[in-house]
Amino acid sequence: MRPTVLGVLVAATLALGACASGSSPSARPAATAPGVDATPPVTAITIATDPGTELRFDPGEVTVQPGIRIQVTFENRSELPHDLTFGAPINVASSPVVAPGTSETLEFVAPEPGTYAFACTIHPGMGGTLIVAAS
Ligand SMILES: [Cu+2]
């Protein structure tokens, strides 16, 4: 009689354990804060500067999808120092001075659909537009 009761208890414990571990994967996404997906799809884009001495980005307009992780490679192809700065709500920037012929990679998650400016803070008027639009 006793061994049978013990056997039932062990079986019940095992069943509970299996149940708990079985529900673990589905519980994991709920533990992640909304909008903070650890592995959203990645879109890689390149924003370069004019290869000469013109104070402009190439391209001056970039379109991406909302909620996508964006990897921006900023290539300073010109003979002048530049930087690449995204204002609020993105708030991501390269080093204050990206030397001619060098590049840096920035990363952020594209905000909600809209139009967002980026700029070179070294050269007033040198800027571009990031368009976030659902496709
Ligand atoms: Cu500049």
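First, some housekeeping. This is a predicted model, where local features need pLDDT of at least 70, side-chain atom pairs count only at pLDDT 80 or more, and totals for chains, interfaces and linings use all residues. Residues are numbered from 1 along each chain as its sequence is written.

Let's start with the sheet. Pairing here takes at least two DSSP bridges between two strands. E1 (residues 42-49) and E2 run antiparallel and share two bridges, with Ala48 having Asp58 as its bridge partner in E2.

Elsewhere, E5 (residues 85-86) is joined by two bridges to E8 (residues 114-119), again antiparallel, and Phe86 has Phe118 of E8 as its bridge partner. E8 also pairs with E9, antiparallel over six bridges; Ala117 is partnered there with Thr129 of E9.

Now for the core. A nonpolar core is a set of buried Ala, Val, Leu, Ile, Met, Phe, Trp, Tyr and Cys residues joined through C-beta atoms within 7 Å. Buried means 20 or more other C-beta atoms within 10 Å of a residue's own, exposed means 12 or fewer, and partly exposed is in between, with C-beta atoms placed from the backbone. The largest such core has 14 residues, and Ile47, Val72, Phe74, Leu84, Phe118 and Leu130 touch the most other members. E4 (69-75) and E9 (127-132) each supply at least two of its residues, and E4 gives the largest share, three residues. In soluble globular proteins, nonpolar side chains tend to be buried together. Leaving out residues up to four places away in sequence, Phe74 touches Ile47, Leu84, Ser94, Val98, Ser103, Glu104 and Leu106; contact here means C-beta atoms, placed from the backbone, within 7 Å.

| Cis peptide bond | Omega |
|---|---|
| Asp58 and Pro59 | about 0° |
| Ala88 and Pro89 | about 5° |

Pro59 sits in the loop between E2 (57-58) and E3 (61-64), while Pro89 is in the loop between E5 and E6 (92-93). Asn91 is also placed in the loop between E5 and E6. Its phi is near 55°, a positive value in a residue other than glycine. Is Asn91 buried or exposed? Asn91 is exposed, because there are 9 other C-beta atoms within 10 Å.

Technical notes: Helix = DSSP H or I, 4+ residues; strand = E, 2+ residues; numbered from the N terminus. Contact = placed C-beta atoms within 7 Å.
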